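Visitor: I would like to learn how to read a protein model, one feature at a time. Could you take me through this one?

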Amino acid sequence: FASLKNWETNQDFRDTLHVKACPINRCNPEKCNGSIMQPPNMMRDPRDPKPSMDSIKELAKDFINQYFTSMKRNDSEAHSSRLAEVLASISSTGTYELTKNELIFGAKTAWRNAPRCVGRIQWNKLHVFDCRKVTSTREMFDAICVHLKYATNKGNIRSCITFFPPRNDVKTEFRVWNSQLIRYACYRQEDGSLVGDPANLELTELCMRLGWKGKGGRFDLLPLLLQANGEDPELYELPANLVLEVKLRHPEQDWLEQMNLKWYAVPAVSNILLDIGGVEFPAVPFNGWFMGTEIGRDLVDTSRYNMILPMAEAMGLNTKKTSSLWKDKAILELNLAILHSFQSDNVTIMDHHVATESFMKHFANEVKLRGGCPGDWVWLVPPVSGSATPVFHQEILNYTLNPSCLYQPDPWQYYKWKDTVMVKRKNKLHFKELAKSVMVTSRMMKKAMANRIKTTILYATETGKSYAYSLILQEIFNHAFDAKVVAMDQYDICNLEYESMLLVVTSTFGNGDPPENGENFAQMLQKIARDGTDEQKPRKRGVLRRRFQSVTTATPIYRRVSSKQLDVSRDFDSVSQGLLANVKFAVFGLGSRAYPHFCAFAHAVDTLLGELEGERVKEIGEGDEMCGQEECFRNWAQQVFKAACDTFCLQEEVNLEDANASLKSTKFDKSNFRVTVSDVQVEPNYVETLSKMHRKKLSPCRLIRRKNLQSEKSGRSTILIQLEKKNSDVLNFQPGDHLGIYPRNDPALVKALISKIRDATDDSTVVRLEVQDEKKTFIGNFKYWDADTRLPSCTLTMAFSRFLDITTPPTPQLLKLFSECNVNEEQSTALRILGQGESEYEDWKFSNNPNLVEVLNEFPSTQVDASLLLKQLPLLQARYYSISSSPDVYPGEIHCTVSVVTYHTRGGDGPLHHGVCSSYLNSITDEEEVPCFVRMAPTFHLPTKEDAPCILVGPGTGIAPFRSFWQHRISQIQKGASKDRTMALLFGCRNPQQDHLYKDEVETAMKQGAISHAYTAFSREEGKPKQYVQDVIMNDISEFVFDLIHTRNGHFYVCGDVTMAAEVHRTLKDVLCINGGMTPEQVEEYITAMKSEDRYHEDIFGVTLRTYEVNRSLR
């Protein structure tokens, strides 16, 4: 290692990174090239011999290793496969093509490695435009316009880089001949003097020979001289509206304003070359933002504008002797004026003190993370007040790493014009005609940007609603972006840091849990945010991973600073460059306010993306299924789309009205769908079909027995369902887990629906849904019919019984389609109004809660086709039940405790509805296969410590999982476990004579020592006041509960509906306040700690028997 000392702080740093440096370094013991402007090790001349194939392979191998190591995927199968692919490509073609993610990683790393850049702390916030597929100078110009518009951002400068095709041969290369995209011309006068910027004299004269005519001013914008495919370069003049300039003035004096000086806002360097793993990119315009001293030097250096003497004279300084320090004074005032002018115009700029302080933070962080930080001390120390900046006192090693930013000669030094005739009449090129054709139109800008900005929409869902909303979001974003929809469980999280725009639409399962297909994504995202890695460490067989904790992960929204409100680009000294520093994101959550942790998973994802320093373009949106979910989503979608357009400078190119209209449009053309009789008249196995449709491993179960647990006097029904699981590994479970069941719709309801379909077939005819597609061939396009992949060939009865949801109120989109099928104008109008998804729809849905048959009865003139329903109805989703048995006691079986749901809509005055799954389970025979799967609930398992005390609170069917607990405990005792373990059960029901579930089993379990205490609460016992479980906790066992959970660090389990769980939660807080002398704040902290320690367990299910009551209360 090399020891590097900071002579100001006496701190020592060890640099080990330099051992990985590129071997070319022309310094030697006899001489040092440290102050050479373009040292050989940083120069790449296309006239030099090409690197050998072995050297390219070595660079490529090192780069691919860096890339996979950055993702913690080194030595993976993907790593080995990609490396072999790259090496094979080099062997056959001499080069290889970088993937988009490799390109982004390489660009950021090249900036990170650039030894002469003082602003590298922002390296991870670099935005990459991938334009490697351009073929002409016109396409290059379009891309540069997009680059400048995005980078300028109305003055809030954003760092970005645009990649044009790599160099394969100097004869076919792409180059931007300008040293920067924005430069001022220089004119040679007859007396030999110069007007303008002398640094650009050669380029100005070349442009003039090619036909450009400047105005002769000091600050005339040069045209772009672009070269594509090795052809002769062409001129393009930048539109004035893309070039932001700042007029310079002094904050206190008027002398500078009278000099009419100005400077451009975006320093976009365009003559550097990037070498990424042996692939050279000679045309890569790149910009950050200015440090004030850079502009100061451009104005006062003698080889540039040389304004130092005129300024000093305007200030009235004594310029006759250097000891008056007139140069220092003039330079200082000029730098002050530059900072003042840019800041007054809200244009990003940084002073040299902030710049060097941020570099020192970056330097220390890089030494910590990578073992070193290359730096060219000569360039890093600012030209003003050098010794007053911290970098002046720091020893730094200067070396070159790959990926690297390199110099290259100006192209006119080596370019050979194609046509000698063209050379002779360069000054006669039709420039005026060309200039007129290159103004950036709105259509061009929209197309150019849309081809680049990819938008990924991630969704997680249990019912399919989030997926449906994601498709709607994709529709509006496709007006300006390239949007794709991906399920969280199918997303490679390694791509996350390379996203440009990330949208998340997710529901929340139960009381704050992620949907099943969002669990792994959430786990990995949290690991990256908290541990900085997404490595998946192997787990021992049988050891379950702790479930993602949405509630404790989410930061309260008032503490989440909106990235959109931050001046991100001016956060110069932020050392923490999060993984998603360059990713824009927004999150929408779906849920029900009936649950206390409304949209908790969406808030957790929003929090983690923010912790990784993603830029939140819109605050999190929420949609409550109880009221106004459709309208909330539409409003949020419109707002986030507008915010995204503003972020990517598309606001002027997108018709927002057309885009917003897509939120209400329906994408179903009935002429493109039809139902035909299938060639094979055999129905599929519905269990296997459901498994494929929902991407779940299902196992068929059969009924062993069914028992009503309530007395005949009750008038209600709670059944114990015992299923045979046929030794399926799919159904392995632990006490506390859930059983997922795909139900069957009520046969009577299915029959009524089919009777209302205009083109329905009979019960025995197997049909298939077909979609009309179009195929392009060399002789033309032709249309053909193909099977739609959504549903298998089956009878209409099977489709509406097993696969499609016909009981949930139709969506506004479906009602709008119904309006187009209705022949009655009055009914059609009513359906169109409901199809808007606004307050009329919400009121109608709340009042009627109609199933599909009731909707068609309400609007009887609707002539609905089978194809519309088969394509548009949502899929029938699984229902979940807490498992009520232990595999040790009932091997080969799986039990559920099910409340059979029946209720009248409209507050009791409407038609009778039946719970889909509970009624199904109450009617199945032992011959019918029940499609089942297990959903693990690791946060509701028994404690791993055998002697940990527990209290189990479960009124009604909330006792279901606790039956598996005491059965498991009985099995342990029979195997020799101690009986001296506290497991207290608190059960609640209406009447001890009617619905005291499992009373006899509880008494037996107590005798066997599995249950230590049993308490009951009866809310309808004759002659006694109502008593609920929370009343028993507070009035009867308050001290016992406090001792168990506080003194003995016990576990508290609650299972039941959301209202009860909320009451129990409030009561527990009162118990802690009263018995523990805690303040409300201390109680909140204690319960939060219990949840974090996995000692507070909730298994909460939605409202069922009291749906109307809860809905009305929430509304």
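Visitor: How many helices and strands does the protein chain have?

Guide: This is a predicted model, in which local features need pLDDT of at least 70 and side-chain atom pairs count only at pLDDT 80 or more, while totals for chains, interfaces and linings use all residues. Residues are numbered from 1 along each chain as its sequence is written, and side-chain values use heavy atoms, with hydrogens and water left out. Helices (H or I, at least four residues) and strands (E, at least two) are DSSP runs, numbered from the N terminus. In this protein chain there are 35 helices and 38 strands, and the C-alpha atoms fill a box of roughly 115 × 75 × 60 Å along the principal axes.

Visitor: What percentage of the residues of the protein chain count as buried?

Guide: Buried means under 20% relative accessible area, exposed means over 50%, and partly exposed is in between, with a 1.4 Å probe and protein chains only. Of the 1115 residues of the protein chain, 54% count as buried. One example is Asp865, which is buried because its relative accessible area is 11%; Asp865 sits in the loop between helix H26 (852-858) and helix H27 (866-872). The C-alpha atom of Asp865 is separated by 53 Å from that of Lys154, and the two residues are 711 residues apart along the chain.

Visitor: How many salt bridges are there by the rule used here?

Guide: A salt bridge is a side-chain nitrogen of Lys or Arg within 4 Å of a carboxyl oxygen of Asp or Glu, and by this rule the count comes to 45. In one of them, the side chains of Asp376 and Arg116 meet at 3.0 Å, N to O. That pair links distant parts of the chain, with Asp376 in the loop between helix H9 (352-370) and H10 and Arg116 in the loop between H3 and E3, 260 residues apart.

Visitor: Are Asp376 and Arg116 buried or exposed?

Guide: Asp376 counts as buried because its relative accessible area is 3%, and Arg116 is buried as well, with a value of 11%.

Visitor: Which side chain does Glu97 meet in a salt bridge?

Guide: Glu97 meets Lys133 at 3.3 Å, N to O. This pair also links distant parts of the chain, 36 residues apart: Glu97 is in the loop between helix H2 (77-93) and helix H3 (100-113), and Lys133 is in the loop between strand E3 (127-130) and helix H4 (137-152). Lys133 is exposed, since its relative accessible area is 65%.

Visitor: Where in the chain do the partners Arg249 and Asp345 lie?

Guide: Their side chains meet in a salt bridge at 2.6 Å, N to O. Arg249 lies in the loop between strand E10 (245-247) and strand E11 (262-264), and Asp345 lies in the loop between helix H8 (326-344) and H9, 96 residues apart. Arg249 counts as buried at 19% relative accessibility, whereas Asp345 counts as partly exposed at 32%. Elsewhere, salt bridges that share partners join Arg44, Arg167, Glu173, Asp275 and Glu280 into one network.

Visitor: How many cavities of 30 Å³ or more are there?

Guide: Rolling a probe the size of a water molecule over the atoms shows where empty space is left. A cavity, on a 1 Å grid over the protein atoms alone, is a set of points where a 1.4 Å probe fits but cannot get out, and lining residues have an atom within 4 Å of a point. The count comes to 6 cavities of 30 Å³ or more, and about 230 Å³ of space lies in the largest cavity. Among the 14 residues that line the largest cavity, the closest to its centre are Asn511, Asp513, Gln549, Val551 and Glu1098. Helix H16 (550-553) and strand E38 (1096-1101) are the elements that give two or more residues to this lining, and the largest share, 3 residues, comes from H16.

Visitor: Where does UniProt place the feature "binding site"?

Guide: UniProt positions are given in the numbering used here, feature names are shortened, and annotations may be inferred rather than shown by experiment. The unreviewed entry places that feature at Cys117, which in the model lies in the loop between H3 and E3. Cys117 counts as partly exposed because its relative accessibility is 22%.

Methods: On a 1 Å grid over the protein atoms alone, a cavity is a set of points where a 1.4 Å probe fits but cannot get out, and a pocket is an open set with protein on both sides within 12 Å along at least five of seven lines; lining residues have an atom within 4 Å of a point. Grid points are joined across faces, edges and corners, and a volume is the space filled by probe spheres set on the points.
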